[in-house]
Amino acid sequence: QVQLVESGGGLVQPGGSLRLSCAASGSIFSINAMAWYRQAPGKQRELVATITRGGSTNYADSVKGRFTISRDNAENTVSLQMNSLKPEDTAVYYCNARVRTIWGRDDDNWGQGTQVTVSS
């Protein structure tokens, strides 16, 4: 059993910043890729950013230059620093981790989601 717990969402004005964090725990042997997704009302879930175990990153075009993903392999955490936030960034943000469990199984795991609202 693997759990992902997110924190850091909230209400922020346009142009402001927020930092999301996600901590993984449970029957973890190792974590490969980690990512953040988001889902706005009435829209499909979309990929925001990914980071490999080695630290290579990729971003959606809509957030490049504004968001930064990072991870701490020792602590099994991933973070998303969001700057210059726009109203269109409003969504529920989900943490995702590709985990190899202690039983040798590779599982795709999701957090419960955290709401980010950008509004004046």
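Colleague: In which strand of this model is asparagine 32 found?
Modeller: The model is predicted, and side-chain atom pairs count only at pLDDT 80 or more. Asparagine 32 is partly exposed, at 33% relative accessibility. The strand that holds asparagine 32 covers residues 28-39 and is S4.

Colleague: How many Å apart in space are asparagine 32 and lysine 43, C-alpha to C-alpha?
Modeller: In sequence, 11 residues separate asparagine 32 from lysine 43. In space, the C-alpha to C-alpha distance between asparagine 32 and lysine 43 is 27 Å.

Colleague: Which two cysteines does a disulfide join?
Modeller: The count of disulfides comes to 1. The S to S distance is 2.1 Å, and the cut-off for a disulfide is 2.5 Å. The two residues joined are cysteine 22 and cysteine 95.

Colleague: How many residues apart in sequence are the parts that this pair of cysteines ties together?
Modeller: Cysteine 22 belongs to strand S3, residues 18-26. Cysteine 95 belongs to strand S9, residues 91-101, so the link ties together parts whose separation in sequence is 73 residues.

Colleague: Is the link of cysteine 22 and cysteine 95 left-handed or right-handed?
Modeller: Cysteine 22 is buried at 1% relative accessibility, and cysteine 95 is buried at 0%. The angle about the S-S bond is -80°. With that angle, the link of cysteine 22 and cysteine 95 is left-handed.

Colleague: Over which ring does the charged end of arginine 45 sit at 3.8 Å from the centre?
Modeller: The charged end of arginine 45 sits over the ring of tryptophan 110, with 4.7 Å to the ring centre. The charged end of arginine 45 also sits over another ring, 3.8 Å from its centre, and that ring belongs to tyrosine 94.

Colleague: Is tryptophan 103 buried or exposed?
Modeller: Tryptophan 103 is placed in the loop between S9 and strand S10 (106-110). Together with Phe29 and Ile102, Trp103 makes a nonpolar surface patch of about 430 Å². The relative accessible area of tryptophan 103 is 63%, and the cut-off is over 50%, so tryptophan 103 counts as exposed.

Colleague: Which residue forms a salt bridge with arginine 38?
Modeller: Arginine 38 is buried, with a relative accessible area of 5%. The closest N and O atoms of the bridge are 2.6 Å apart, and the partner of arginine 38 is glutamate 46.

Colleague: Which residues are linked with Arg38 and Glu46 in a network of salt bridges?
Modeller: The whole structure holds 6 salt bridges. Arg38 and Glu46 belong to a network of such bridges, and the residues linked with them are Arg66 and Asp89.

Colleague: How far apart are the closest N and O atoms of arginine 100 and aspartate 106?
Modeller: Arginine 100 is partly exposed at 35% relative accessibility. Aspartate 106 is partly exposed as well, with a relative accessible area of 30%. Arginine 100 and aspartate 106 form a salt bridge, and the distance between the closest N and O atoms is 2.8 Å.

Colleague: Is aspartate 107 buried or exposed?
Modeller: Aspartate 107 forms a salt bridge with arginine 105, the closest N and O atoms being 3.0 Å apart. Arginine 105 is exposed, with a relative accessible area of 54%. Aspartate 107 has 19% relative accessibility, and the cut-off is under 20%, so aspartate 107 counts as buried.

How values were computed
Residues are numbered from 1 along each chain as its sequence is written. This is a predicted model: local features need pLDDT of at least 70, side-chain atom pairs count only at pLDDT 80 or more; totals for chains, interfaces and linings use all residues. Side-chain values use heavy atoms; hydrogens and water are left out. A charge sits over a ring if NZ of Lys or CZ of Arg is within 6 Å of the ring centre and within 35 degrees of the ring normal. Helices (H or I, at least four residues) and strands (E, at least two) are DSSP runs, numbered from the N terminus. Buried means under 20% relative accessible area, exposed over 50%, partly exposed in between (1.4 Å probe, protein chains only). Patches are made of residues with over 30% relative accessible area and no salt bridge: like charges are joined within 9 Å, nonpolar side chains (Val, Leu, Ile, Met, Phe, Trp, Tyr) within 5 Å. Accessible areas come from the Shrake-Rupley method with a 1.4 Å probe; for residues, only the protein chains shown count as cover. A salt bridge is a side-chain nitrogen of Lys or Arg within 4 Å of a carboxyl oxygen of Asp or Glu.
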